[in-house]
Amino acid sequence: MKALVIAEHGDAARELCAGARTLADEVVLVTLGETPEGVSDKTVVVTVPEGAVADDAAATVVAVFDAEQPQVVLAEPTRHVKSIVGRVAAHADAAVITDASAITADGAESLYFGGVGERVQKAVGAVAFYTAAPGTFAEAVPSGAGVVEEAAWVAPAKPLRLKSSRVREKGGADLFKADVVVAAGRGFTEESQLDWARDLADKLGGGLACSRPLTEGVDWMPQSTYVGVSGLMLTPKVYVACGISGQMQHMVGCNRSGAVFAINKDKNAPVFKQCDYGLVGDIADVLPALTAAL
Ligand SMILES: Cc1cc2nc3c(=O)[nH]c(=O)nc-3n(C[C@H](O)[C@H](O)[C@H](O)COP(=O)(O)OP(=O)(O)OC[C@H]3O[C@@H](n4cnc5c(N)ncnc54)[C@H](O)[C@@H]3O)c2cc1C
């Protein structure tokens, strides 16, 4: 069996190739960015030409897919790669099983209804397509001689046109890699109060994340830092939810953490039923005191 991995970040490529190795004898990696060594039997590098957008690499990846004829495709769940794998799957007359948290020959486990239920899905066609969350194959070990080829760019029939772009402020630490994530919610009533959470994150050597209202509601944090069903699915060793009520759309993005700590002034907040350690208190008192004590 042959597996095709589509990824743009080195860590994800490494993990997905390792996972692909548990499902298939031959692993081919298609990269749109970083190209790790020794993780696949063959690596095909797709370079997006100046002026093109990464999503337009779909036509090129389709050409690689046709040439390689894999039976399983694993894709990194980034915006670009999700757009690309969807189009490759459509080309193959298949659907993509998304946000898998475990994949075996028996099927893929994932959450649904915003994390209320778990399900196992199995592809019935000739090719199974999955996007897999980070950590899905954390235990697997990558291998491969790693022949590297450059893909010939296939211009799409209807390309997207990049009108403008600008650099946005980065969210600090890489939240996927951070051992500790401190997340701020709507319990923070002024942007300046985020320093309480930022200081704690710095003290713990972790990253600062948030609930969705802090990005889309007030725009205090970059959109790339909100956790939950429509944001990041994180698995740090420690997750500290501060002033977050514990709605399932948020908790589904952190409930696979090693330990969840919650700080909330409402002792009846739902987050206290979903954490390992809960502290009833006002973030204005607790966070500075905690940081000072640490
Ligand atoms: C389709 C859909 C998808 C969604 N996807 C996501 C998602 O991916 N991620 C996400 O986060 N949300 C998502 N949401 C929104 C989600 O349902 C919740 O509305 C959101 O998570 C609530 O954010 P919060 O906990 O910060 O705010 P709130 O629910 O308003 O909770 C704030 C909490 O802070 C506490 N608090 C207030 N003041 C203090 C204080 N001084 N000290 C301590 N505690 C205090 C309050 O007691 C309260 O529990 C989604 C919603 C929908 C409908």
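Mentor: Before we start, one term: two elements are in contact when heavy atoms lie within 4.5 Å. The model above is predicted.

Trainee: How is the protein chain divided into domains?

Mentor: The division gives two stretches. Residues 2–150 make up domain 1, and residues 180–293 make up domain 2. So much for the layout: the names are domain 1 (2–150) and domain 2 (180–293).

Trainee: In what order do the strands of the 7-strand sheet stand?

Mentor: This sheet is open, and its pairing is parallel. Strand 5 (96–100) and strand 10 (147–150) are the edge strands, each pairing on one side only. Between neighbours, the average turn is 20°, direction ignored. Read across, the order is 5-9-4-1-2-3-10.

Trainee: Which residue is the bridge partner of Val-96 in strand 9?

Mentor: Start with the strands: strand 5 runs parallel to strand 9 (residues 128–132), and 3 bridges join them. Val-96 has its partner in strand 9, and that residue is Phe-129.

Trainee: At what angle does helix 1 run to strand 1?

Mentor: Helix 1 covers residues 10–23. It lies across strand 1 (2–7), strand 2 (26–31), strand 4 (72–75) and strand 9. Helix 2 (residues 58–68) lies across strand 1, strand 2, strand 3 (42–45), strand 4 and strand 9, running at about 165° to strand 1. For helix 1, the angle to strand 1 is about 165°.

Trainee: Which residue forms a salt bridge with Lys-2?

Mentor: The structure holds 11 salt bridges. In this one, the closest N and O atoms are 2.7 Å apart. The partner of Lys-2 is Glu-68.

Trainee: Turn to the sheet of 5 strands; why is one side of strand 12 and of strand 15 left without a neighbour?

Mentor: The order is 12-11-13-14-15, in an open sheet with parallel pairing. Strand 12 (207–210) and strand 15 (277–280) stand at the edges, so one side of each has no neighbour in the sheet. The reason is that each has a single partner strand.

Trainee: Which residue of strand 14 is the bridge partner of Cys-242?

Mentor: Strand 13 (residues 238–242) and strand 14 (residues 259–264) run parallel, joined by 5 bridges. For Cys-242, the partner in strand 14 is Ile-263.

Trainee: What angle does helix 4 make with strand 11?

Mentor: Helix 4 (residues 194–203) packs on the sheet. It touches strand 11 (180–184), strand 12 and strand 13. Its direction and that of strand 11 make about 175°.

Trainee: And at what angle does helix 7 run to strand 14?

Mentor: Helix 7 spans residues 283–293. It lies across strand 13, strand 14 and strand 15. Its angle to strand 14 is about 130°.

Trainee: How much area do domain 1 and domain 2 bury between them?

Mentor: Their C-alpha centres lie 31 Å apart. The contact takes 9 residues from domain 1 and 8 residues from domain 2. Of the buried area, 60% is on carbon and sulfur atoms. The area is about 640 Å².

Methods:
Residues numbered from 1 in each chain as written. Predicted model: local features only at pLDDT ≥ 70, side-chain atom pairs only at ≥ 80, totals over all residues. Heavy atoms only, no water. Pairing = 2+ DSSP bridges. Helix = DSSP H or I, 4+ residues; strand = E, 2+ residues; numbered from the N terminus. Axes fitted to C-alpha atoms, helices over the stretch in contact; angles between N-to-C directions. Domains from an automatic or database assignment. Buried area = accessible area lost by both parts, 1.4 Å probe. Salt bridge = Lys/Arg side-chain N within 4 Å of Asp/Glu carboxyl O.
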